[in-house]
Amino acid sequence: MNVQEIIRSIEAEQMKSNLPTIYIGDTVKVGVVIQEGGKERVQPYEGVVIARNRSGINQTITVRRIFQGVGVERVFLVHSPRVANIQVLRRSKVRRAKLYYLRDRVGKATRLKQRFDRPF
């Protein structure tokens with residue numbers, strides 16, 4: 001066994017198998033594990049997936065939401081232990097791999113058309 005095979009086997013153990021397929025434009029609810037004092041709780045973070053980067057265990061998604069009138073983006077490592085779960089709420093029809101143009105849009109202009117042909 002060479003080093004690459006050992007690394008691949010360790011990564012396979014750490015990868016989550018219960019994740020839905022995430023597409024660009026999906027509205028997702030990411031359950032983030034947060035520590036407060038000595039307790040842990042899961043805080044939902046809901047927004048639109050505007051980018052997907054890397055693959056395998058290093059896969060990340062960028063989720064954008066509007067909070068109190070300000071656009072907030074967070075990058076989540078999909079297979080991280082800090083991400084408790086990812087739930088797809090709706091799928092949207094997009095024609096781009098990266099939706100960075102949504103950063104310049106305000107209000108109703110940020111809406112995406114819903115897509116019904118891909119199940120959740």
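What follows is an account of the salt bridges, then of some loops and a charged surface patch.

Reply: This is a predicted model, and the structure holds 6 salt bridges. Side chains of opposite charge can pair when their charged atoms come close.

Start with Glu 73. The side chain of Glu 73 meets that of Arg 64 in a salt bridge, with 3.0 Å from N to O. Glu 73 also forms a salt bridge with Arg 103, at 2.8 Å from N to O. Arg 103 lies in the segment after β5 and Glu 73 in strand β4, so this pair ties together parts that are 30 residues apart in sequence.

Arg 64 has a relative accessible area of 14%, so it counts as buried, because buried means under 20%. Glu 73 is partly exposed, with a relative accessible area of 27%. Arg 103 is partly exposed as well, at 40%.

Another salt bridge joins the side chains of Glu 40 and Arg 82, with 3.9 Å from N to O. This pair links distant parts of the chain: Glu 40 is in strand β2 and Arg 82 in the loop between β4 and β5, 42 residues apart. Glu 40 counts as exposed at 53% relative accessibility, whereas Arg 82 counts as partly exposed at 41%.

Now the loops. The loop between β2 (39-53) and β3 (60-67) contains Arg 54. Arg 54 has a positive phi of about 60 degrees although it is not a glycine. Most residues other than glycine have a negative phi. Arg 54 is exposed, with a relative accessible area of 61%. Gln 59 is found in the loop between β2 and β3 too, but Gln 59 counts as buried, at 18% relative accessibility. Leaving out residues up to four places away in sequence, Gln 59 touches Arg 52, Asn 53, Arg 54, Phe 76, Leu 77, Val 78 and His 79.

The loop between β3 and β4 (70-77) holds Gln 68. Phi of Gln 68 is near 55 degrees, a positive value in a residue other than glycine. Gln 68 is exposed, with a relative accessible area of 71%.

Lys 93, Arg 95, Arg 96 and Lys 113 gather in a patch of positive charge on the surface. Arg 96 lies in the segment after β5 (83-90) and is exposed, with a relative accessible area of 53%.

Conventions: Residues are numbered from 1 along each chain as its sequence is written. This is a predicted model: local features need pLDDT of at least 70, side-chain atom pairs count only at pLDDT 80 or more; totals for chains, interfaces and linings use all residues. Side-chain values use heavy atoms; hydrogens and water are left out. Patches are made of residues with over 30% relative accessible area and no salt bridge: like charges are joined within 9 Å, nonpolar side chains (Val, Leu, Ile, Met, Phe, Trp, Tyr) within 5 Å. Accessible areas come from the Shrake-Rupley method with a 1.4 Å probe; for residues, only the protein chains shown count as cover. A salt bridge is a side-chain nitrogen of Lys or Arg within 4 Å of a carboxyl oxygen of Asp or Glu. Lys and Arg count as positive and Asp and Glu as negative; His and the chain ends are not counted. The place of a charge is taken as NZ of Lys, CZ of Arg, CG of Asp or CD of Glu. Helices (H or I, at least four residues) and strands (E, at least two) are DSSP runs, numbered from the N terminus. Buried means under 20% relative accessible area, exposed over 50%, partly exposed in between (1.4 Å probe, protein chains only). Contact means heavy atoms within 4.5 Å.
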